[in-house]
Amino acid sequence: MANKKVIGIDLGGTTAKFGIINQAGEIQTKWSIPTDISEEGSLIIPNLIESINSKLKSFSMTADDFIGIGMGSPGTVNREKGSVIGAYNLNWKTLQDLKAPIEEKTGIAFAIDNDANVAALGEQWAGAGNNEPDVVFITLGTGVGGGLISDGKLLHGAIDAAGEIGHVTVEPGGYLCTCGKKGCLEQYASATGVVRIARDLAEEYAGPSILKSEIDDGQAVDAERIFGLAKENDDLALAVVDRFAYYLGYALGNVANLLNPSTIVLGGGVSQAGEFLAEKVRSEMQDFMFQTIREQTKVKIAELGNDAGIIGAASLVLNGLK
C-alpha cells in the first residue's frame with residue numbers, strides 16, 4: 001500500500017488537468033486534455049476515462065498500482081453518489097453520474113468534491129497551509145470561491161454549500177450579484193469587481209492618474225493592470241486597491257472570528273499581486289477581528305498555483321483512507 005499512487009483530476013470548463021501523485025503529495029507526472037463541452041457535455045466523462053487508461057498503458061501501470069482517483073468539479077456535487085449537477089460551464093444541465101462509469105472503466109475507486117473545496121485541500125496539505133488543521137482558502141478570480149477546513153476536515157454544511165465566501169454581504173444594497181442578492185463580496189473583491197470599483201472611483205476622481213487617463217480613454221483595464229499601477233503608487237489605483245482590500249478584509253475578519261483558522265490562504269488570479277495584496281488585507285482585517293484571533297491569524301498567498309486542484313483531489317482519496 002505504501003508504494004501505491006493516487007490520480008488527481010482538476011476538471012475545468014477549458015481543460016481537465018491530471019496528476020499521478022504519491023502519498024506524500026508529490027506530483028510524479030501530470031498532463032491535461034481539452035474539456036469538450038459539446039453535445040451537452042456528454043463527451044467529458046468518456047474522455048476522462050480514455051485519457052486515464054491511455055496514460056496508464058503508456059506507463060505500463062494497472063489499477064492495482066493505485067489507491068484511487070480523486071476529482072474536483074464545478075457545480076453541485078453529491079459526494080456519496082459521485083454525481084454532479086448544475087455545472088453550467090461544463091454544459092452539464094442535468095445530473096451526471098461520474099463514479100459508476102469511471103470505476104467500471106478504470107477499475108479504480110473514485111472520490112469527488114467541489115473544485116474550490118479540493119483546491120483548499122491542496123493548499124492546506126502541500127501548500128501555504130503548511131498541513132495545519134485549520135485553514136481557510138479563498139480564490140479570487142472572475143468570482144470568489146472558498147473552502148473551509150476545520151480540525152483537518154472540510155466543512156460541507158447541510159446541503160454541501162459551506163464555503164460560499166463570495167456571497168457574504170459586504171455592502172448592503174450594493175452591486176447586484178449574479179446570485180440575485182445585492183452587495184456580495186465577489187462583486188467587489190474579484191477580478192471583475194476591482195475593475196468595477198475602478199470605473200466608479202474614476203468618475204469622481206480629479207487628480208493626476210495613469211489609471212484615470214486609461215479609463216477615460218476607454219481602454220480595457222483589468223485587475224492585473226490596476227494592481228500593477230498601484231504598486232507604482234498611482235493615486236487612483238491605490239485608492240481602488242485599498243477599497244478592494246477593505247471589503248476582503250471585512251469578510252475575512254469575520255470568517256476568522258467564526259472559524260479561528262491558523263492561516264487564511266489567498267489564491268486565484270488576483271492573488272498574483274502577491275505580498276502587496278496580502279499585506280493590505282492583513283491591515284484591513286485588524287479592525288474586524290477579535291483580539292486573541294487577530295494576534296495569531298496568518299494571511300498567506302497560495303503556493304501551488306494550478307497544481308492545487310490535482311493535489312487536493314489526490315488528498316480526497318487519502319483522507320478517505322484515514
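Is Tyr 247 buried or exposed? Tyr 247 is buried, with a relative accessible area of 6%, where buried means under 20%, exposed over 50% and partly exposed in between, computed with a 1.4 Å probe on protein chains only. This is a predicted model, in which local features need pLDDT of at least 70 and side-chain atom pairs count only at pLDDT 80 or more, whereas totals for chains, interfaces and linings use all residues. Residues are numbered from 1 along each chain as its sequence is written, and side-chain values use heavy atoms, with hydrogens and water left out.

- Strand E2 (residues 15-21) is mostly covered, with 5 of its 7 residues buried; strands (E, at least two residues) and helices (H or I, at least four) are DSSP runs numbered from the N terminus.
- Strand E1 (residues 5-11) runs antiparallel to E2 and is joined to E2 by 6 bridges, two strands being paired if DSSP finds at least two bridges between them.
- E1 and E2 form a hairpin with 3 residues between them, and Ile 9 stands opposite Phe 18 in E2.
- E2 also pairs in the antiparallel sense with strand E3 (residues 27-34), over 7 bridges, and in this hairpin, which has 5 residues between the strands, Gly 25 in the turn has a positive phi of about 85°.

**Aromatic residues**

- The structure holds 8 aromatic pairs, a pair being rings of Phe, Tyr or Trp (its six-membered ring) whose centres lie within 6.5 Å, with planes under 30 degrees apart counted as stacked, over 60 as edge-to-face and the rest as tilted.
- The rings of Phe 18 and Trp 31 have their centres 5.0 Å apart and their planes at 0°, so the pair is stacked; Phe 18 lies in strand E2 and Trp 31 in strand E3, 13 residues apart.
- Phe 18 is buried at a relative accessible area of 1%, and Trp 31 is buried at 11%.
- Tyr 246 and Tyr 247 form an edge-to-face pair, at 5.2 Å centre to centre and 65° between the planes, and Tyr 246 counts as partly exposed at 32% relative accessibility.
- Tyr 175, Tyr 188, Tyr 246, Tyr 247, Tyr 250 and Phe 288 form one aromatic cluster.
- Arg 196 lies over the face of Tyr 175, at 4.3 Å from the ring centre; a charge sits over a ring if NZ of Lys or CZ of Arg is within 6 Å of the ring centre and within 35 degrees of the ring normal.
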